[in-house]
Amino acid sequence: MIEHSKNITESAGSKKFFSRGDIIMRQGEKGLNAYIIETGKVEIIVKLEDGQERAVGTRGAGAMIGEMAIIDDAPRTATIKVIEDCVLLEITKDDFSRRLDNADPVLKMTTQVILTRYRDTLIRANIAGDIKNRPPPEVSERQHAQYSDAVENITIANEFKTALDSDELFLHYQPIVSLKDSAVLGFEALMRWQHPEKGFISPAIFIPIAEESDLILQASDWALRESCAALRRLEQRTGFNSDLFMSVNFTSRDFASEGFVNAVYETLSVSNIKPQQLHIEITERMLMDQPETARETLKMCKEAGIDISIDDFGTGYSSLSYLQYFPIGTLKIDRSFVMDMHKNEGSMALVKSIIALGKNMGMKIIAEGVEEEKEALTLREMGCDMAQGYYFAKPMAEKDLTGFMINSDKIKF
Ligand code: C2E
Ligand code: CA
Ligand code: CA
């Protein structure tokens with residue numbers, strides 16, 4: 001069997017057997033499945049307008065047959081007859097639709113566009129008999145929505161590429177404070193995009209799109225270099241030769257990229273900040289994407305003295321055993337639990353449990369999304385180490401950091 005069909009066949013459905021002379025599918029019938037030929041050979045026969053049948057080709061091991069009808073609801077465009085006994089792997093329309101529904105919007109749109117064009121070509125070539133007079137398949141409203149999502153994603157990805165090379169991207173820094181004495185301990189670097197026509201675009205929109213391609217690598221690398229340089233500038237401007245840290249968000253794609261660890265080392269050396277001053281943030285979901293690669297990368301970072309923080313803790317993975325598998329130094333409690341803490345006993349219990357869990361494992365805990373004094377006070381009572389949120393400070397531009405630090409002794413609660 002040819003190589004490219006291996007992965008498909010591994011996930012395909014049941015096997016079907018056909019003997020020489022059997023008809024696998026007939027032109028004009030509704031198609032509810034496609035097949036991959038494991039062994040054997042088939043002939044493709046098309047009925048012409050004058051009623052005559054003509055063999056237009058054969059297919060053997062590794063080929064897919066009947067694929068068009070499972071993508072749209074149109075009838076089979078050819079009859080397929082067994083010329084050597086066949087073992088076929090079946091792919092049902094239901095299974096295929098489920099996969100397509102879960103696919104990346106760009107992939108989905110491309111599949112549908114290719115299919116529509118192919119059908120169009122078939123019709124023009126007039127080899128598909130009576131389907132010639134059928135009007136082109138209507139694009140449903142749902143398809144329209146998917147098309148526009150795909151178009152929007154492609155547009156944003158292209159524009160983000162331009163933004164990376166211009167000054168449309170910048171970073172904001174959100175202070176992270178000690179709950180013990182409200183001292184500022186560090187910052188989280190958060191990306192901002194000021195689009196020349198569309199205005200501010202949220203990272204919640206452009207980061208997931210950048211993550212779908214290698215664009216995220218360039219973006220993360222830029223954020224790392226820029227935020228470390230900004231931390232160093234802040235130290236120099238304020239005269240604080242402190243141990244302030246900079247927490248930078250990364251994705252599984254970053255960890256899997258070959259030059260990641262070296263780029264981190266190089267950035268530390270160029271910006272002249274200590275490894276202990278860099279914190280790497282990653283979500284549970286990202287860690288689980290490629291756990292072995294992530295572990296290797298993080299181990300090297302940890303050995304160099306860099307802290308690893310789990311972002312949005314509590315929202316992702318269901319098994320906690322991974323906490324032992326990775327060299328994690330800090331848990332960041334997701335803001336949804338913190339914001340709900342005083343409204344919902346369950347959230348309060350969860351926050352308490354996360355703090356206890358982290359402490360028992362020798363980790364530091366940061367509560368995210370602290371908006372009210374009473375949340376800060378409760379978290380302090382529970383033994384949470386640090387907090388971040390609008391109550392203390394919103395993410396701010398680099399130019400505002402100096403003033404903020406000079407007045408930071410005024411943060412009291
Ligand atoms: P995140 O890593 O969980 O970042 C924290 C988000 O919570 C930020 O949203 C921040 O502005 C917001 N936040 C902080 N305090 C409060 C609060 O008290 N209340 C509320 N309601 N929100 C608060 P932002 O900046 O919009 O970023 C959204 C997400 O985009 C981030 O979530 C992160 O997942 C991603 N992101 C941002 N910058 C980067 C980056 O440089 N690299 C990567 N990979 N992802 C990034
Ligand atoms: Ca984060
Ligand atoms: Ca977070």
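## Cysteines and disulfides

A disulfide is a pair of cysteine sulfur atoms within 2.5 Å. By that rule, this predicted model holds zero disulfides.

## The chain as a whole

The protein chain has 16 helices and 15 strands, which are DSSP runs numbered from the N terminus (helices: H or I, at least four residues; strands: E, at least two). Of its 413 residues, 47% count as buried.

Contact means heavy atoms within 4.5 Å. Among contacts between residues at least 6 apart in sequence, 70% join residues at least 24 apart.

## The calcium site

Now to the metal. The calcium ion (ligand 2) is coordinated by Glu188 (OE), Asn249 (OD1), Glu281 (OE) and Asp311 (OD), at 2.1 to 2.3 Å. Donors are N, O and S atoms within 2.8 Å of the metal (3.2 Å for Na, K and Ca), and water is not among the atoms, so sites may look incomplete. Along the chain, the donors of this ion follow the spacing E-x60-N-x31-E-x29-D. Glutamate 188 in strand β8 (residues 184-195) and glutamate 281 in strand β11 (residues 278-283) are 93 residues apart, so the pair links distant parts of the chain. Both glutamate 188 and glutamate 281 are buried.

The calcium ion (ligand 2) has a neighbour: the calcium ion (ligand 3) is 4.0 Å away, and aspartate 311 coordinates both.

## Reading the numbers

Residues are numbered from 1 along each chain as its sequence is written, while chains are lettered from A and ligands numbered from 1 in the order in which they are written. Local features need pLDDT of at least 70, side-chain atom pairs count only at pLDDT 80 or more, and totals for chains, interfaces and linings use all residues, while side-chain values use heavy atoms, leaving out hydrogens and water.

Conventions
Buried < 20%, exposed > 50% of the residue type's maximum accessible area, 1.4 Å probe, protein only.
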